[in-house]
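Keep the sequence and the 3D view open while reading.

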Amino acid sequence: MQAGLLDTHHNAVSTRRSPAWVVTGLLVAFYLLLYFGKEDYNATDAAVRYARDPLNLMLVKLGWKLNDNGSLWVFNKWYLYAGLYTLGMAVGGYFMLRKHGNSTYHRYRTYSLVAVQAVLGLMLPLVLDFLGRPAWYFSYFFPLKYDLFFPYNMDHMQPTVMAWFIVMSFVGLPLLVYFKGKRVYCSWICGCGGLAETFGDPWRHLSDKSSRAWRIEQVSIHSVLFAAFAMLGLVIADGLAPEGHAIHNFANSYKGMYSLAIGSIFSGVLGTGLYPVGGTRVWCRFGCPMAAMLGLIQKFGRFRIAVKKDMCISCGNCSTYCEMGIDVRSYAMQNRDIKRASCVGCGMCAHVCPRGVLQLVTRRDAGPGQHTQEWTVDL
Amino acid sequence: MHFVVVGNSIAGIEAAIALRNRDAHAKITVVSYEHDHPFARVALMYIFCGQMRLQDTEFYDRELYARMRFERVRDLVTGVDPVAKRLSLKSGSYLHYDRLLLAVGSVGRRLPWPGAYDQPGMHHFVTLPDLEGVNAMAKPGMTCAVVGGGLIGVESAEVLHLRGLKVHFLIREPWYFPVALDNAEAEVVAAHIRHHGLDCRTATPIDGMERKGGKMVLKMPDEELPVDFVVGAIGVVPNTKFLEGSGIALTPGGAIDTADNLESVSTPDVFAAGDCANVTWPDGSRRPEQIWYTSRDQGRAAARAMLGDDVKYRRGTWYNSAKFFDIEYTTAGFIPFAAKPHKHQGVGAPGEEAHWQTWYQQVPGQAITQRIVCKDGRFVGFNGLGTRWDHQVFMRWIHERRALDWVLAHMNEARFDEEFVEPFRVLPSATLVDGA
């Protein structure tokens, strides 16, 4: 028995009852405000007014400004958002570990997720900004960070930073994923995954397990992957094409559409807003181009979930708590190792299995017969 | 050919699927009383405490019947007439069959206290109606007794405790789960149960029960214990009452007596699989096997027999696993103390002299133990608490007749735990004693 999961289905906010819809409404409203609300930002004004006032400078850097009448107002919404995000992950991570902290794997990966967010997702950009340097989120790579190679980023990107992003996006992570699985990114580093694993933990069982959802997922996630790489191509073409070429307009409107539809609405408003009714990894499962790319590599890599032969009692804990909607039980019942592109390697299926049937492994495939032999021992 | 399968749990549904996979045209009818869809009975405890819904325990998608073209009959079979080849149903209708599979499972063994079942308050934890009964009864703050030190006992004690009831876990035997654990291992489990706040008592026989002032008072040698209700978990018995008088041979324990091909020894064209079937064990004894994976295997074997194959059902080397609160348990091979009262569970001829040795260690301060049993210097059995092991690896080593030192040196190859856990080490406190 996994004591922390006991009340999952007795708890209104975890079971799509009215409190869940209220939370979803609040989250959606929050994200609409975040992406489409106006912020009171004027860099020149800020520099002039606050440069010699340490208290106000500090507040500005944290996303607030002190008005002349003494009231506080959101100044830079993105820093405010990063702070809230980190707080949500830390608090969610605390509650997640109250349930699953008896597992070393879950402890380590939750520490990693929260630490990456706190350091690379919040503090380092703040410090860099403080020092007057360009602030980068060093844990987001292409194609998840779709605007990494947009001119407004490339124009002031130092060569070492550019090297980091290019090498990690196209060589480093793919290699890590080949040897250790997609989980290296999705369940240990990524901020989106991190929020799902911590703040979103009370809703992980809501993922749709039907084969219809699986078919939709395969089409939608790979479409986004294609759209992201098409955009990369356009950005390059845009940079190479002579001035006045028709491609500039097309590239700009394409980038705008992708930013709006995928970057803001899908990954933000829906991806997080729908946690309480659709499960936590809706974006990761149906939309994230990074997950799609790493998933294809995982499919050919070493990571899989090994199944202990003929020990499954079909209880369904694994499938219920799979946030990616994988019907883990159907594999376990057939003694088939699980090698699915979508698996983010969170390890929850193995953790909640009451018979210890599942194990996340990265060794080479066992030789044929290793898992199929019938042993009838005659003493 | 019309195949009728009574019971849609793992034995019945696996048989029906195996029948369809081999015979695309036969008419296959699946009769079930509890639920429209196959569900994992072993997960009742998770439904009770809200970790899963009943729907989550359904182990096939709901389109299975349509895809496999199974006729669904939702009814209770009240009798079998093997001469007319028909079943009588509770609804009053009849169902004809050409070949019949009885996969009707078990019900909780009733406690032998006079009048116990005349009034509400006696519960079991085996079927969906049992679950509904306990669920309606159990309110936080109540006091209840779970009687019987086996797997169903520990599971129901755990979930009742987690719901906020005061649970008395009463075990007749001198230690918990004596068919599988020895004294030292059982003490680790019992200490863990007590640590959770339950009143876990061993060597506690109950002489009877009487009702006083709305309470059920359990009579024990030194004490009378008043409780609000009782969960009887002293084992299960085949769910075969409806077969009495049908002419289908039952054992004294109520199991459907089957031949090697799982066909009734008395009645042609009637087969049995799962908990209700009396089968031959590796040691030659005859009794039901009440285990999930053997029920599945029996269902598949019975299906082949129903199709006319020459089938001989034999379970391989023993293995199993369980979970006692947070402590996971894995066993493989022969643990002789676990064989009682079936003393010679395939471990040599009765009366044969053998040199038994038992290697045992517990990680200090933790509910982690390993036990390795050797016969004449060769590895024959393993028991492990608190960590995960691959029983298949142990069974291969048993088959390869490995020596104790070799096994100890290779133990980490059999680990099935998550990453970052402590590897297996031989501790200075490990003991090796003669005798099993």
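Predicted model: local features only at pLDDT ≥ 70, side-chain atom pairs only at ≥ 80, totals over all residues.

In helix H4 (residues 128-137) of chain B, the buried residues are Asp130(B), Leu131(B) and Val134(B). A residue is buried if 20 or more other C-beta atoms lie within 10 Å of its own, exposed if 12 or fewer, and partly exposed in between, with C-beta atoms placed from the backbone.

Residues are numbered from 1 along each chain as its sequence is written, and chains are lettered from A and ligands numbered from 1 in the order in which they are written.

**Around helix H4(B)**
- Pro129(B), Glu132(B) and Ala136(B) are exposed and sit on the face of H4(B) turned away from its buried side.
- The cover over the buried residues of H4(B) includes helix H2 (44-49), strand S8 (106-108), strand S9 (122-123) and strand S16 (229-232) of chain B.
- Helices (H or I, at least four residues) and strands (E, at least two) are DSSP runs, numbered from the N terminus.

**A hairpin in chain B**
- Strands S13 (residues 208-212) and S14 (residues 215-220) of chain B run antiparallel and are joined by 5 bridges; two strands pair if DSSP finds at least two bridges between them.
- Lys212(B) has Lys215(B) in S14(B) as its bridge partner.
- The hairpin formed by S13(B) and S14(B) has 2 residues between the strands, and Gly213(B) in the turn has a positive phi of about 55°.

**Where the chains meet**
- 39 residues of chain A are in contact with 45 residues of chain B, contact meaning that the C-beta atoms of two residues, placed from the backbone, lie within 7 Å.
- On the side of chain A that touches chain B, helix H5 (104-130), helix H15 (317-320), helix H16 (328-333) and strand S4 (358-361) of chain A each supply at least two residues.
- H5(A) gives the largest share of that side, 3 residues.

**Chain B as a whole**
- Chain B has 10 helices and 27 strands.
- Of its 436 residues, 48% count as buried.
- The C-alpha atoms of chain B fill a box of roughly 65 × 60 × 45 Å along the principal axes.
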